[in-house]
Amino acid sequence: MTAPPASDALRLVIVGGGFTGAALAIHAMRVAAGPLDIVVLEPRAELGRGVAYGTADRNHRINVPSDRMDVAAADSGAATAWFRAHGLLPGGEAARYLPRAAYGAYVGDLLARTGAAAGHRVRLRHLRMAATAVTPRNGAWEVDAETGERIAADRVALCFGHAVPALPSRLGPGVAASRRFVSDPWAADSLAAVEPEDSVLVVGTGLTMADVITSLRAGGHRGTITAVSRRGLLPRAHGVFLTNLDVLGPDRPRTALELLRLLRRQVAAVDPALGWQPVLDSFRKVLPDVWNDLPPVEQRRIVRRLLPFWEVHRFRIAPQIAAGLAQARAEGQLSVQRASVTGLALAADGRLEAELRAGGATARHLFDAVVLCTGPERDVSRNPLVAALLADGTARLDAVGLGLAVDRCSRVLGAAGAPQPGLYAFGPMTRGSFGEMSGAADIAHHIEAVVAGLLERDP
């Protein structure tokens with residue numbers, strides 16, 4: 001049993017208990033100077049997993065080696081040491097691209113150990129429910145849960161992350177109910193209806209596509225796979241890891257074009273033995289400063305024209321996954337096409353008819369199964385809780401519409417642009433305010449840098 005909170009305990013409610021919410025709870029428990037009562041609202045059974053690390057498929061790997069996945073910057077090598085102690089790195093093997101499920105287990109164990117070390121000073125409760133409203137009340141906050149429960153809080157942190165993929169087009173009658181239409185590739189047994197010889201259309205060519213194709217091939221799938229996206233871009237593979245290059249120089253870019261030219265110059269000038277990857281990884285360290293110096297019109301231009309190209313270079317894949325995709329293409333099983341899905345209909349024989357538009361021409365093709373891998377829904381206003389916060393002016397969207405507007409300390413900005421005392425947001429929903437905030441290590445280290453301010457009695 002957990003001890004009841006002290007009467008003077010600071011009450012922190014964390015909405016969302018995936019990786020972001022767990023990382024916040026870990027860092028809050030570590031730095032809390034006084035009594036702290038943490039409530040995490042998360043419908044899933046385990047904290048720390050979320051969509052990314054909740055997968056049960058052992059073929060789904062973390063996208064960087066384990067020695068770059070430490071939750072705390074000072075705990076260098078802690079994740080790799082845990083994997084080795086639990087037999088996941090046999091012998092003297094160095095850090096590697098481990099299953100994401102294993103990393104989720106590590107985060108959950110770190111959360112439990114951190115709570116135990118905090119002792120009675122901290123109480124952590126996990127309520128398996130979703131939040132429906134966050135309302136200011138008498139200088140503090142109230143969080144309404146779907147069960148009707150109302151939770152009082154001194155601080156509220158919005159940490160929910162990825163939503164299911166967005167639909168690429170309108171669906172014809174019967175498509176949504178068809179077992180051959182996979183709208184959520186992360187659902188349990190989502191690919192169970194796909195037969196070994198089935199032809200499969202994968203909508204999207206990013207990280208989720210890589211996971212789906214890896215799962216299909218590992219399960220013995222031999223049928224053709226067609227992956228489509230507007231640009232046909234595939235995630236790049238990793239190279240040398242290095243983050244200490246001076247990629248900015250004395251003059252900061254003021255436009256999207258200047259930024260593009262800067263990165264191209266740096267890539268052209270780097271030692272060929274290093275490759276282009278260290279340029280992007282080093283740039284990520286200064287990205288928040290560069291991003292916030294750009295006028296909103298230039299930020300929007302980057303999102304509109306450059307973001308897809310940035311993402312395939314920034315969100316790279318494990319060598320094993322890259323090799324598997326290359327083999328599937330070489331064998332003729334996988335084809336990648338530049339095309340948009342403009343319609344999905346249920347054919348008379350139960351297959352799915354996809355209307356694909358490419359190069360100004362439209363054609364219809366039949367597939368035995370269609371899997372949506374378009375990435376998380378980017379319109380955060382579709383989340384009812386976010387929509388309510390926007391409607392009453394408690395929050396506003398960032399300048400590029402990727403998420404909630406926050407300041408550099410992750411305080412949510414209200415409709416008038418002022419920080420809302422005691423209301424915070426972390427993780428992917430804040431990427432539009434920082435330029436990037438999707439990688440686990442980036443999220444955790446940002447939280448680590450600002451959590452002390454969150455816990456101050458007078459933020």
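Predicted model: local features only at pLDDT ≥ 70, side-chain atom pairs only at ≥ 80, totals over all residues.
Guide: Residues are numbered from 1 along each chain as its sequence is written, and side-chain values use heavy atoms, with hydrogens and water left out.

Visitor: Which are the edge strands of the open sheet of 6 strands?

Guide: Strands (E, at least two residues) and helices (H or I, at least four) are DSSP runs numbered from the N terminus, and two strands pair if DSSP finds at least two bridges between them. The order in this open sheet is β3-β2-β1-β7-β17-β16, with mixed pairing. Pairing on one side only marks the edge strands, which are β3 (122–127) and β16 (411–413).

Visitor: What is the bridge partner of Arg11 in β2?

Guide: Strand β1 (residues 10–15) pairs with strand β2 (residues 36–41) in the parallel sense, over 6 bridges. In β2, the partner that Arg11 bridges to is Asp37.

Visitor: Is the pairing in the open sheet of 3 strands parallel or antiparallel?

Guide: The edge strands here are β4 (131–137) and β6 (150–153), each of which pairs on one side only. Between β4 and strand β5 (residues 140–145) there are 6 bridges, and Arg137 has Ala140 in β5 as its bridge partner. For the open sheet with the order β4-β5-β6, the pairing is antiparallel.

Visitor: At roughly what angle do the axes of helix α5 and helix α10 cross?

Guide: Axes are lines fitted to C-alpha atoms, for helices over the stretch in contact, with angles running from 0 to 180 degrees between N-to-C directions. The axes of α5 (residues 207–218) and α10 (residues 319–330) come within 10 Å, and they cross at roughly 70°.

Visitor: How many nonpolar, polar and charged residues are in the contact of α8 with α9?

Guide: The axes of helix α8 (residues 296–305) and helix α9 (residues 307–314) come within 5 Å and cross at roughly 70°. Contact, meaning heavy atoms within 4.5 Å, is made by Ile302, Val303 and Arg305 of α8 with Leu307, Pro308 and Phe309 of α9. Ala, Val, Leu, Ile, Met, Phe, Trp, Tyr, Cys and Pro count as nonpolar, Asp, Glu, Lys and Arg as charged, and the others, Gly among them, as polar. By these classes, the contact of α8 with α9 has 5 nonpolar, no polar and 1 charged.
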